[in-house]
Every structure is written in structure tokens, then in C-alpha cells.
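Subject: Handover of a structure

Dear colleague,

Please find below the structure that I am passing on to you. My notes on what was found in it follow directly after.

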Amino acid sequence: MKLVIGATGFLGSHVVRALVGTGESVRVLIRETSDTRAIDDLEVERVVGDLFDSAAVASAIDGCDVVFYCAVDTRAWLTDPAPLYRTNVEALRAVLDVAVQAQLRAFVFTSTLATIGRVSGRRATEQDAFNWFGSAPDYVRSRVAAEDLVMSYVRSHSLPAMAMCVANTYGARDWQPTPHGAFVAGAALGKLPFTVRGCAAESVGIEDAAHALLLAGDKGRPGERYIVAERHIDLGDVIAIAASTAGRRPPRLVLHRPVLYLCGAVGSALAKLTGRPRRLTVASVRLMHIMSAMDHDKAARELGWEPASVTVAVEQGARFWLDRAAGRRVRAGTD
């Protein structure tokens with residue numbers, strides 16, 4: 001039995017889907033209020049409970065040999081960082097306190113590439129420690145604290161955990177969508193008024209990312225980090241691929257990085273004045289491009305991970321939104 005925590009999110013739901021596809025028995029821990037449409041078509045055992053509910057977590061873990069932890073608050077734009085630390089650190093700690101009492105073979109923790117150090121003149125690897133704390137937003141700091149917490153449990157409690165440092169993920173069934181997936185949806189549906197240049201980031205297909213986590217559950221080494229990224233790709237190229245998939249031209253208005261920072265500065269100022277979060281801030285613009293190009297050779301060598309081109313995943317993501325829009329039009333026509 002495999003347990004997926006955070007099973008209703010973009011990556012978590014694809015981990016569930018991949019596990020079910022291999023014939024595994026899967027259990028998920030979800031909240032009473034969780035939006036479960038990403039997994040409603042799958043046969044899984046459900047345990048309802050909060051991450052701070054130790055009894056529910058223990059019930060969910062009981063009988064499982066591998067836990068895939070995909071729960072995360074990604075709202076990097078929040079003006080009050082307290083919710084980020086509550087979910088990304090304290091809720092994780094509550095789960096870890098239960099997990100160390102179980103007889104687990106592996107605890108696969110979903111981290112982020114943002115915990116990898118920035119380098120120049122070469123591709124970054126798992127050996128590069130986080131080194132940009134001073135310019136990192138609270139979201140990144142909370143993720144670094146979370147990864148450090150997991151590794152501390154490896155050392156102090158012999159928890160068989162590894163950290164999967166996952167890049168921007170693209171693909172189908174991005175229901176929310178994710179912040180970067182919103183550009184795919186907007187470009188595919190012709191609702192994006194501008195394109196972007198000068199913001200390149202490591203990216204990966206969502207199915208390949210999920211497959212990396214499954215491989216880690218079988219082959220990952222406790223205490224290790226694994227980079228889960230296929231290539232460094234400019235956001236403008238992502239937008240162009242999504243638009244092309246829909247038979248559209250990319251938006252003519254091009255916003256280069258300096259203009260984005262100007263827009264971000266306005267957003268940051270408005271957030272400070274009004275106390276209301278703004279998605280486009282200086283911090284969010286910085287996260288679009290600040291990370292170094294990454295080397296995923298360790299995941300390939302140790303886990304046998306062979307990702308496909310992320311461009312295919314972008315196309316799949318665009319088609320998902322086109323199909324969803326077409327379905328809405330059909331339903332509207334029959335009402």
C-alpha cells in the first residue's frame with residue numbers, strides 16, 4: 001500500500017494516477033474540504049483528516065511501505081507569510097513525528113529547485129547548498145526550512161527520506177491552474193494579452209515528475225536530494241508552444257524582464273498599501289528567472305529517470321484547456 005499526502009494537487013494527483021496505473025494499492029489523505037476532481041475517476045482508499053491530526057495521519061500511514069509527501073502551499077504572493085510556514089513546515093513536522101513511528105521503506109518528500117544553490121559558469125547540482133537566503137522570498141525560505149527539517153529527521157530518527165527538487169511542472173489536468181500553468185491556459189485560450197522574454201526557468205513534464213517520485217520510492221537513497229528538471233526554457237517559448245498548439249499566434253505585446261520588474265514593483269507597492277496580496281510582485285518576477293540551469297544527471301544515474309521533452313507536456317497542457325473549454329461550450333449549448 002502506498003500513501004499520497006497532497007493527492008489533490010497537480011503533482012500529487014499525477015503521482016496517484018501513476019501509482020494506480022502500475023497496479024499499486026493507493027491510499028490518500030485528504031481534507032473534508034479538498035477539491036478532489038483530479039482523482040475522482042481513480043479507485044483509491046480515502047482517509048479524511050488534517051495534517052495536524054496525528055490520529056488521522058497514523059491511520060493513513062498504517063500498513064503503507066512508502067509515503068509520497070506532495071502537500072505544499074505555493075502562494076508565494078502572500079503578504080503574511082504565516083500560512084506558508086504553517087503548511088510547509090509545521091504541518092510537515094506533525095506528519096514526520098508520526099512517520100518515524102511507522103515501518104516505512106521510503107518517505108518521498110516533494111521539495112523544489114529553489115533549495116538548490118545558485119552558481120555561475122556551470123549547471124547546478126544537488127551538491128550546491130542553498131546560498132541566496134538574503135534575496136529569497138518567504139515562500140522559498142519556508143521550502144528550504146521544510147527540506148532541512150526532513151533531512152534532520154533522516155539524521156536524528158533514521159527516517160528513510162529523500163528530497164525531490166522539482167522544477168516548474170507542465171501538462172494536462174492542471175485544474176487550478178498553477179502560476180506557470182496559467183500562462184499555458186491563457187495562451188491556448190487566447191486570453192493572454194502579452195508574452196514574456198528574459199525569464200527562463202528549469203521545467204519538466206508533470207507525468208515525468210510523478211514518475212521520478214515513483215522511482216525514488218523504489219531506488220532513492222535516504223538523505224539524498226534529486227533534481228527533477230528536464231530543461232531550462234524561456235517562458236516566452238512556453239507561451240509560443242501553447243499558442244501554436246491552439247492554432248493561434250503568440251501575443252504581439254512582449255514584456256521583457258525590466259518591464260516585468262516595473263510591473264512587479266507596482267504590485268509590491270499596492271500590496272503594501274492595501275494589505276491585499278498581489279500575484280505580480282518583485283519577488284514573483286525574481287522567481288521567474290533567478291535559478292541557475294540544473295543538471296539532472298543524478299536522477300538519471302541513480303533512479304533511471306529519463307524525462308521526455310517538456311515541450312510535449314506544454315502541448316498536452318494546452319490541449320487540456322482547449323478540451324475543457326470545448327466541453328463547457330457543449331454543456332452550455334445543451335442547457
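Which residues does Thr-178 touch, not counting residues up to four places away in sequence? The residues are Phe-10 and Thr-169, where contact means heavy atoms within 4.5 Å. The C-alpha atoms of Thr-178 and Phe-10 are separated by 7.8 Å, although the two are 168 residues apart along the chain.

Before going further, please note that this is a predicted model, in which local features need pLDDT of at least 70 and side-chain atom pairs count only at pLDDT 80 or more, while totals for chains, interfaces and linings use all residues. Residues are numbered from 1 along each chain as its sequence is written, and side-chain values use heavy atoms, with hydrogens and water left out.

The loop between β7 and α5

Thr-178 is found in the loop between β7 and α5; helices (H or I, at least four residues) and strands (E, at least two) are DSSP runs, numbered from the N terminus. At 16% relative accessibility Thr-178 counts as buried, a term for residues under 20% relative accessible area, with exposed meaning over 50% and partly exposed in between (1.4 Å probe, protein chains only). Phi of Arg-173 is positive, near 65°, in a residue other than glycine, and Arg-173 is partly exposed at 22%.

A positive phi, of about 55°, also occurs at Ser-158, which is not a glycine. Ser-158 lies in the loop between α4 and β6 (161-166) and counts as exposed, at 62% relative accessibility.

Aromatic rings

The structure holds 6 aromatic pairs. Rings of Phe, Tyr and Trp (its six-membered ring) pair if their centres lie within 6.5 Å, and planes under 30 degrees apart count as stacked, over 60 as edge-to-face and the rest as tilted. Phe-130 and Trp-132 form a tilted pair, because their ring centres are 5.3 Å apart and their planes lie at 50°. Trp-132 is buried, with a relative accessible area of 4%. Trp-175 and Phe-320 pair edge-to-face, at 5.2 Å centre to centre and 85° between the planes. Trp-175 lies in the loop between β7 (168-170) and α5 (179-189) and Phe-320 in helix α11 (residues 310-334), so this pair ties together parts that are 145 residues apart in sequence. Trp-175 is partly exposed at 21%, whereas Phe-320 is buried at 11%. Ring pairs also link Tyr-69, Phe-107 and Phe-109 into a cluster.

Charges over rings

The charged end of Arg-141 sits over the ring of Phe-133, 4.3 Å from its centre; this requires NZ of Lys or CZ of Arg within 6 Å of the ring centre and within 35 degrees of the ring normal. Lys-298 lies over the face of Tyr-226, at 5.0 Å from the ring centre.

Helices α3 and α4

The axes of α3 (residues 82-99) and α4 (residues 138-157) come within 8 Å and cross at roughly 10°. Axes are lines fitted to C-alpha atoms, for helices over the stretch in contact, and angles run from 0 to 180 degrees between N-to-C directions. The crossing makes α3 roughly parallel to α4, as angles under 35 degrees count as roughly parallel, over 145 as roughly antiparallel, 65 to 115 as roughly perpendicular and the rest as oblique. Among the residues making the contact are Leu-84 and Leu-92 of α3 and Arg-141 and Leu-149 of α4.

Kind regards
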